[in-house]
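Let's take a walk through a protein structure together. Have the picture ready, and we will go from the whole chain down to a single residue and back out again.

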Amino acid sequence: MESNTRDRVVLNDNEVLRVEGLEVKFYTYAGVVHAVSNVSFFVRESETVALVGETGCGKTITTRAITKLIESPGRVESGIALFRRRNRQVVDLLKLSDEEIRKIRGDEIAYIFQDPSAALDPLYTVGYHFVETVKNHRNNINKKNIIQLAIKLLREVAIPSPEVRVKNYPHELSGGMKQRSVIAISLSNMPKLLIADEPTTNLDVTIQAQILELLYELQKKYGMSMILITHNLGVVAETANRVYVMYAGKIVEEGVCETIFYSSTHPYTQLLLRAVPNPLKKVEKLESIPGTVPSLINPPPGCRFHPRCPFAMDICRKEEPPKIKIGNDHYVFCWLYVKK
Amino acid sequence: MAEVLLKVEDLKTYFRVRGSFTKKVRAVDGVSFEIPKGITLGVVGESGCGKSTLGRTVLKLIEPTSGRIFFDGKDVTKIRGKNLREYWRNAQMVFQDPHTSLNPRMTIASILLEPIRSYKLPVNDEERFLVEQLEMVGLGKEHLYRYPHELSGGQKQRVAILRAIIVKPKFVVLDEPTSALDVSVQAQILELLKDLQKIYGLTYMFISHDIAIVKYMSNMIAVMYLGKIVELGDADTVFFNPLHPYTKYLLSAVPIPDPRMVRDRKKVLVQGEPPSPINPPPGCRFHPRCPFAMDICRKEEPPKIEVEKSHMVACMLYAKK
């Protein structure tokens with residue numbers, strides 16, 4: 001990205017995060033994987049933004065990139081990620097040194113990973129995880145107070161008898177309780193931005209409903225912003241304010257939740273919505289999207305969805321679709337909406 | 001109603017717990033149902049409720065502890081050897097994860113030929129037959145000599161489905177056939193299963209934790225909780241007129257892909273998680289989480305009550321006093 005575009009990107013007053021032109025590649029033996037290409041998005045104060053897409057569309061890589069959690073052979077090629085810190089200072093997350101980002105990660109930006117069993121260290125108690133998270137960022141607080149805080153937070157995420165649970169090891173907790181603990185731990189520093197990467201994917205629907213309700217309540221209470229990564233459109237409808245639909249490493253459509261569900265414009269979004277059965281409606285036939293997600297080692301030229309798109313035109317095969325404004329906060333990347 | 005193909009009476013499957021003579025996991029604990037020909041019975045429940053064990057027991061992949069299974073009018077509970085092989089020709093299974101249910105060292109052709117040769121089905125030109133069959137599930141000649149790792153998840157599941165129906169069974173148990181797949185591929189597989197059912201008049205037992213999919217696929221739905229069926233009935237009835245508190249809870253927990261409906265929906269929130277099936281609570285197994293639990297629920301097992309035609313619920317709330 002040229003330096004003048006870099007200067008033009010500014011963080012508006014009500015925004016917490018703005019990512020522009022993010023590009024992540026993985027240099028594997030099989031070839032270069034274009035995992036995330038030219039992804040731009042923003043998150044406002046105390047709103048929930050959902051990144052939706054199928055496996056391998058780059059939603060996890062996007063959030064990992066902005067928290068500098070991409071490991072070799074992956075590399076962030078370009079992009080800006082402006083973040084407003086607690087003291088209102090604006091920083092570019094991608095330009096921070098490892099030490100500086102470590103001060104923000106776990107403190108101002110908290111991350112809930114997909115698999116709660118892998119996120120907790122089996123050798124330490126739940127309470128120790130709180131101590132570690134808080135101690136890393138604040139020196140003036142002693143262990144006893146942190147355990148008190150842990151008990152308070154565990155109670156808030158509806159874990160029964162938190163005084164006992166705080167001394168438990170991860171294997172003594174069920175899957176739902178582990179995820180609740182991980183959420184409580186991530187809240188221990190009162191983050192400004194919470195990134196929840198498929199927080200309910202490994203859980204049963206009933207537990208999922210409890211966790212989503214919990215996240216919603218906590219967000220209302222603490223006013224943090226949230227990026228929710230999910231492949232489940234039902235979860236999106238239940239929680240998100242705004243939605244970014246991703247396909248094969250790119251954003252194809254963005255808009256307010258209702259806009260995406262009722263007046264989506266991108267063919268992929270439309271097909272995706274019709275591929276999910278709504279249990280409360282009578283569905284005669286599910287629409288399926290022909291073909292499969294392309295390999296990102298050799299992504300199709302032009303629009304990456306063109307091989308599966310029923311409306312593909314000549315230009316779609318050659319040139320990348322531009323970003324087109326459809327309405328307020330509603331943008332689509334599709335040639336169909338370019339005025340001739 | 002059509003002829004009954006599969007009938008299960010008071011089926012129980014217990015597993016021993018290591019290091020104990022008395023403790024048992026009551027995975028399936030007294031389940032009875034009938035599946036008429038050409039019908040799909042959906043079995044839904046949370047993980048650990050015994051739905052997969054039920055599917056496997058019905059196919060005799062696991063020996064039942066007690067109870068009886070009738071298939072096509074014959075008692076198949078105790079059959080072995082030749083008769084069991086004959087039973088399996090008529091009753092097949094598709095497993096959850098296509099990445100592990102296909103042998104990675106066999107080509108697609110040899111995977112599909114195995115059941116044909118095993119049952120000595122009369123096939124003249126094997127290759128031509130296989131290509132015809134592959135085309136039916138949306139694959140082609142080019143996939144014949146590939147290995148499973150060269151196929152995508154959806155393609156693998158197509159092969160797994162074809163392997164099950166290639167012997168022309170009457171009954172197929174589908175154990176979470178799409179939970180390892182992406183949404184866009186999931187829709188393709190569900191449509192394929194529906195088409196195949198129409199072509200061959202198959203009877204399905206469709207096991208899934210996803211109620212939206214079960215509703216879409218099934219004519220009848222059985223809701224399981226801790227080894228027992230708590231509600232059984234026509235799909236629409238169970239869905240739009242759920243009676244058991246657990247069914248209501250389960251239905252209100254499903255995320256609906258429609259923001260306006262989400263806002264209007266009443267939520268039944270239940271706290272806690274299912275207890276262990278080693279030591280299930282006495283009386284009704286749902287009582288510790290049930291908002292309507294009465295004294296009698298803690299002591300006596302709820303009777304099976306036929307509330308209306310083909311709608312059974314096991315709950316004290318509907319017992320006549």
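First, some ground rules: residues are numbered from 1 along each chain as its sequence is written, while chains are lettered from A and ligands numbered from 1 in the order in which they are written. This is a predicted model, in which local features need pLDDT of at least 70 and side-chain atom pairs count only at pLDDT 80 or more, whereas totals for chains, interfaces and linings use all residues.

Let's begin with chain B. Its secondary structure comes to 12 helices and 12 strands; helices (H or I, at least four residues) and strands (E, at least two) are DSSP runs, numbered from the N terminus. Chain B is as compact as a globular protein of 321 residues, because its radius of gyration of 21 Å is close to the 20 Å from the globule rule. That radius is taken over C-alpha atoms, and the rule is 2.2 Å times the number of residues to the power 0.38. Along its principal axes, the C-alpha trace of chain B spans about 65 × 50 × 45 Å. Buried residues account for 45% of the 321 residues. A residue is buried if 20 or more other C-beta atoms lie within 10 Å of its own, exposed if 12 or fewer, and partly exposed in between, with C-beta atoms placed from the backbone.

Now zoom in on one residue. Where does B:Val270 lie? You will find B:Val270 in the loop between α11 (259–264) and α12 (295–299) of chain B. B:Val270 counts as buried because 20 other C-beta atoms are within 10 Å. Leaving aside neighbours within four places in sequence, B:Val270 is in contact with A:Thr206, B:Tyr249, B:Arg289 and B:Pro291; contact requires C-beta atoms, placed from the backbone, to lie within 7 Å.

One of those partners belongs to chain A, so let's turn to the two chains together. Here, 34 residues of chain B are in contact with 36 residues of chain A. On the side of chain B that touches chain A, α7(B) gives the most, with seven residues. The residues of this side divide into 21 nonpolar, seven polar and six charged. Ala, Val, Leu, Ile, Met, Phe, Trp, Tyr, Cys and Pro count as nonpolar, Asp, Glu, Lys and Arg as charged, and the others, Gly among them, as polar.
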